[in-house]
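Please find my notes on this model below.

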Amino acid sequence: DHLANRRFVSGTFIRRRDQLDYLEEPDIFHDVFGHVPLLSDPVFAAFLQAYGARASAEPALVGRMARLYWHTIEFGLVREDGDIKLYGAGIVSSHGESNYALNSPKPPRIAFDLPRVLRTDYITNDLQPAYVVLDSFAELLARTLDTDFVALSAELDALPDIAPGAIVAEDRLIDTIHPQAQAA
């Protein structure tokens, strides 16, 4: 409801020194450093509002909408001018996760596909085993505005969930080492 009404709620405590790289619950550093800068991007702000409206309108979708939030707003990557960049607040508020997300050969980077994201579980207590890469915030906004989440969720209920870090046959993997060499 807060996001749907363009209100952003922030934590009021700050992590201890031994928690600088990771904290499971969001603190003021995570919120102000990770989330607030993107609120100035009109397209991303419109996505947050649309996301909030859809997530609060249908309580039965909370689980699926939480997955969208996690894989985009918290741990998303975006392509810009051929480069992969961080934007998820969970990544940018962690130096270790930032370095891992951009530079490690281990986690797959998977092109954004809304049904796939809504089926994909996530973990909250370790580095992410995979990351979702957007082509643009406009893509994310358009998919959020144009999707009947109730109907899509009903379709997805017939399919198995996807484990964190798993690769499925339909995935388009993004090569972060040679991003220009990707197949379309």
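The numbered points take the cores, then the salt bridges, then the cavity and a pocket.

1. Basis. This is a predicted model, in which local features need pLDDT of at least 70 and side-chain atom pairs count only at pLDDT 80 or more, while totals for chains, interfaces and linings use all residues. Residues are numbered from 1 along each chain as its sequence is written, and side-chain values use heavy atoms, with hydrogens and water left out.

2. Main core. The largest nonpolar core has 26 residues. Such a core is a set of buried Ala, Val, Leu, Ile, Met, Phe, Trp, Tyr and Cys residues joined through side-chain atoms within 4.5 Å. Buried means under 20% relative accessible area, exposed over 50%, partly exposed in between (1.4 Å probe, protein chains only). Phe44, Phe47, Tyr51, Leu68, Tyr87 and Phe112 have the most contacts inside this core. At least two core residues come from each of α2 (42-57), α3 (62-74), α6, β4 (131-134), α7 (137-146) and α8 (149-156). Helix α2 gives the largest share, six residues. Helices (H or I, at least four residues) and strands (E, at least two) are DSSP runs, numbered from the N terminus. In soluble globular proteins, nonpolar side chains tend to be buried together.

3. Which residues does Leu68 touch, leaving aside neighbours within four places in sequence? They are Tyr51, Ile73, Phe112, Leu114, Val117, Leu118, Leu140 and Phe149. Contact here means heavy atoms within 4.5 Å. Another core, of 11 residues, lies apart from the largest one. Trp70, Phe75, Ala101 and Ile174 are among its members.

4. Arg67 and its partners. The count comes to seven salt bridges, each a side-chain nitrogen of Lys or Arg within 4 Å of a carboxyl oxygen of Asp or Glu. One of them joins Arg67 to Asp121, with the closest N and O atoms 2.3 Å apart. This pair links distant parts of the chain: Arg67 sits in helix α3, Asp121 in the loop between α6 and β4, 54 residues apart. Arg67 is buried, at 10% relative accessible area. Asp121 is partly exposed, at 28%. Salt bridges that share partners join Arg67, Asp121 and Asp161 into one network.

5. Two further salt bridges. Asp1 and Arg7 pair at 3.1 Å, N to O. Asp1 is exposed, at 55% relative accessible area, and Arg7 is partly exposed, at 38%. Glu80 pairs with Lys85, the closest N and O atoms being 2.9 Å apart. Glu80 is partly exposed, at 40%. Lys85 is also partly exposed, at 34%.

6. Cavity. How many cavities of 30 Å³ or more does the structure hold? The structure holds one. The largest cavity contains about 90 Å³ of space. Of its 14 lining residues, His71, Thr120, Ala130, Tyr131 and Val132 lie nearest its centre. The lining divides into eight nonpolar, four polar and two charged residues. On a 1 Å grid over the protein atoms alone, a cavity is a set of points where a 1.4 Å probe fits but cannot get out, and a pocket is an open set with protein on both sides within 12 Å along at least five of seven lines; lining residues have an atom within 4 Å of a point.

7. Second largest pocket. This pocket holds about 170 Å³ of space. It has 13 lining residues, and Asp113, Arg116, Val168, Glu170 and Asp171 are the closest to its centre. Helix α6 (residues 114-119) gives the most to the lining, with three residues. The lining has seven nonpolar, no polar and six charged residues.

Technical notes:
Points joined across faces, edges and corners; volume = space filled by probe spheres on them. Nonpolar A, V, L, I, M, F, W, Y, C, P; charged D, E, K, R; others polar.
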